[in-house]
Amino acid sequence: MAYLELNNVYKSYGEGDNRTDVLSNINLSIEEGEFVAIVGFTGSGKTTLVNLINGLLKPTSGEVLFKGEPVVDTSHERGVIFQNYSLLPWLTVGQNVYMAVKEAFPKENKAFLMKRVKDYVGMVSLTPAINKRPKELSGGMRQRVAVARALAMNPEMIIMDEPLGALDALTRGNLQDEILNIWSQDKRTALLITNDVDEGIYMADRIIPLKP
Amino acid sequence: MEQDITLKKEGQGLAFLKPLVAKFTPKFQKGDLVPWLKKTGITLLSILLFLGLWHMGSKALYNKEANYKIEKALTEQGQAAADAERDCIASGESSCQPNTLPSPTQVWASLQTLIADHKVITADKAAFNEKMAATNAKLVAKGKNAIVYTGRASFVDIVLTSIKTVFAGFLLALLIAVPIGVVIGLSPSLRSAFNWFIQIFKPVSPVVWYLLVFMIVKTLYIGDSSDNAFVISFISVGLCAMWATLVNTAMGVSSVDKDYINVAKVLKLGTFQKIFKVILPSSLPLIFTGLRITLSVAWMVLIAIELLAQSQGLGLFVWEEFQNGANDSNAKIIVAMFVIGIIGFLLDRIMLSVQNMVSFNKNEGV
């Protein structure tokens, strides 16, 4: 049995005449420890697919299975890195990560949580910026915070929705290496959604094209 | 080629001026002085222009009324009476002065009178309290109420009463509107349940709110001889002014960025965590915009409500001066007008700086 499995998944928005089918008959299986990239055009339903897998949306028909269980809600087992960073602008870098860590480890004491925050912020080399707000950071730095936030929750699978889409080519290259580096340390299952085929080839073990 | 040459010349001219400019602007950033001078200069100029127009306008009105009085004396009582009237007006005798828009100098004089009056009343009050101190101590010891000064309120006391009323009303509006706004912002069904209520009561005039509050408070205070004017006026002010905050809070809470909601979902925040850590911070700017409008509306309706409630504030002061019709009454009304305007402006500035302090996107509202 595969780690993550999508069977005959359909997703459409709207009702009746306004109904638009976004995804139709998607079948996909990902094994544990794999790094898979899904490549597709803008508007081909990539973000919808991601939201189905992380539990923010439910399929119109078909099933999404994670470790054999149907996905009904979001879970700390699946960490998400959003397309547009989605950092809370009123919190500092440290506070953004702390908020996630606190939810993921509700039983731990504050010292443990703080240490974890510091470790992960250090891992994406943002320790000097730990008390800054997202607005004071560059795009690349913000995305690194998002990476730290997702990984600090210790998810079993990490889902990245065009994480580098808004960055310039140079920063993109650096962050690709950085993410691969972090990933290679504990080989979690990873799903990368991207519109850049080169990025997919460079980072993933396997590439799945998504046709519109 | 020719253009190049002229450009170069201009550059040289400016370069020549640079050290000179730098010498005269030690405290300012480079290039700050000229815009600053320009800005203050324009403000001062417009104030002068305003005062000039006001002076001329009041003078014209004064002459019109004076001429009418003389004409009237002439047609009704003959030449002798008209001459007497003219002399009376020219002599500055208060009984026959035209009672019209006061000039800036008269208003300034009235302000001085009010301040002097305040000093007299404060001294009076201090003397009274000193005289009564021993008696009051005995009364309090016996468990009775102390005798307090009940003389005329000075202008400063009146202004303070008004500010107190506005703050009490504002606080009431905040305590009612923000929680309700959050609740109806969160739930679309509650929003539609409350919608008719908001739409109907929002445009109701301050006067009607006052009457409604009066009906209720009067009954609640039945048999109680204490003064309920303050209670009535602050509740009416609060009810009139809370709508902007209510609507803005509901809007802010219901239109939180989808990304933040997704983050809250992915992190699996609990309901309270979600409200206090994500929804409220993200709607703070809109809530504060609402609170700013609420405060300025509260200050605006205050005058009408104080007048109706007979609360010892600026509203009653203005109305009493108008009814009084003394020689300097009009000037006192204009003083009150400026005081109202200036305090309203200061309140708005205070709210703006509080808003900038607490909200994450700084310098957004001006």
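1. Which strands of chain A form an open sheet, and in what order? Four do, in the order 2-1-4-5, and their pairing is antiparallel. Strands here are DSSP runs of E with at least two residues, helices are runs of H or I with at least four, and both are numbered from the N terminus. Two strands pair if DSSP finds at least two bridges between them. Strand 2 (20-30) and strand 5 (69-70) of chain A stand at the edges. Each has a single partner strand, so one side of each is left without a neighbour in the sheet.

2. A word on the model. It is predicted: local features need pLDDT of at least 70, side-chain atom pairs count only at pLDDT 80 or more, and totals for chains, interfaces and linings use all residues. Residues are numbered from 1 along each chain as its sequence is written, while chains are lettered from A and ligands numbered from 1 in the order in which they are written.

3. Strand 4 (residues 61-66) of chain A pairs with strand 5 of chain A in the antiparallel sense, over 2 bridges. A:L65 has A:P70 of strand 5 as its bridge partner.

4. Strand 8 (residues 189-194) of chain A is mostly covered, with 6 of its 6 residues buried. Buried means that 20 or more other C-beta atoms lie within 10 Å of the residue's own; exposed means 12 or fewer, and partly exposed is in between, with C-beta atoms placed from the backbone. A:T189, A:L191 and A:I193 point one way from strand 8 of chain A. A:A190, A:L192 and A:T194 point the other way, and all are buried. In a regular strand the side chains alternate between the two faces of the sheet.

5. Strand 8 of chain A has parallel partners. Strand 3 (residues 35-40) of chain A pairs with strand 8 over 5 bridges, in the parallel sense. Strand 7 (residues 157-161) of chain A also runs parallel to strand 8, joined by 5 bridges. A:L192 is the bridge partner of A:A37 and the bridge partner of A:M160. From strand 7 of chain A the chain crosses through helix 5 (residues 169-186) to strand 8, and this β-α-β crossover is right-handed. That is, with the strands pointing away from the viewer, the path from the first strand over the helix to the second runs clockwise.

6. Now the two chains together. 14 residues of chain A are in contact with 13 residues of chain B; contact means C-beta atoms, placed from the backbone, within 7 Å. Helix 2 (residues 93-104) gives the largest share of chain A's side, 3 residues. That side divides into 8 nonpolar, 5 polar and 1 charged. Ala, Val, Leu, Ile, Met, Phe, Trp, Tyr, Cys and Pro count as nonpolar, Asp, Glu, Lys and Arg as charged, and the others, Gly among them, as polar.

7. Helix 2 of chain A also has buried residues, including A:V97, A:Y98 and A:M99. The buried residues of helix 2 pack against helix 3 (110-123) and helix 4 (139-152) of chain A together with helix 10 (271-309) of chain B.

8. Chain B has 12 helices and 0 strands. Of its 366 residues, 28% are buried. One residue to look at is B:M215, in helix 7 (residues 206-220) of chain B. B:M215 counts as exposed because it has 11 C-beta neighbours inside 10 Å. B:M215 and B:I232 are 17 residues apart in sequence and 9.6 Å apart in space, C-alpha to C-alpha.

Technical notes: Two residues are in contact if their C-beta atoms, placed from the backbone, lie within 7 Å.
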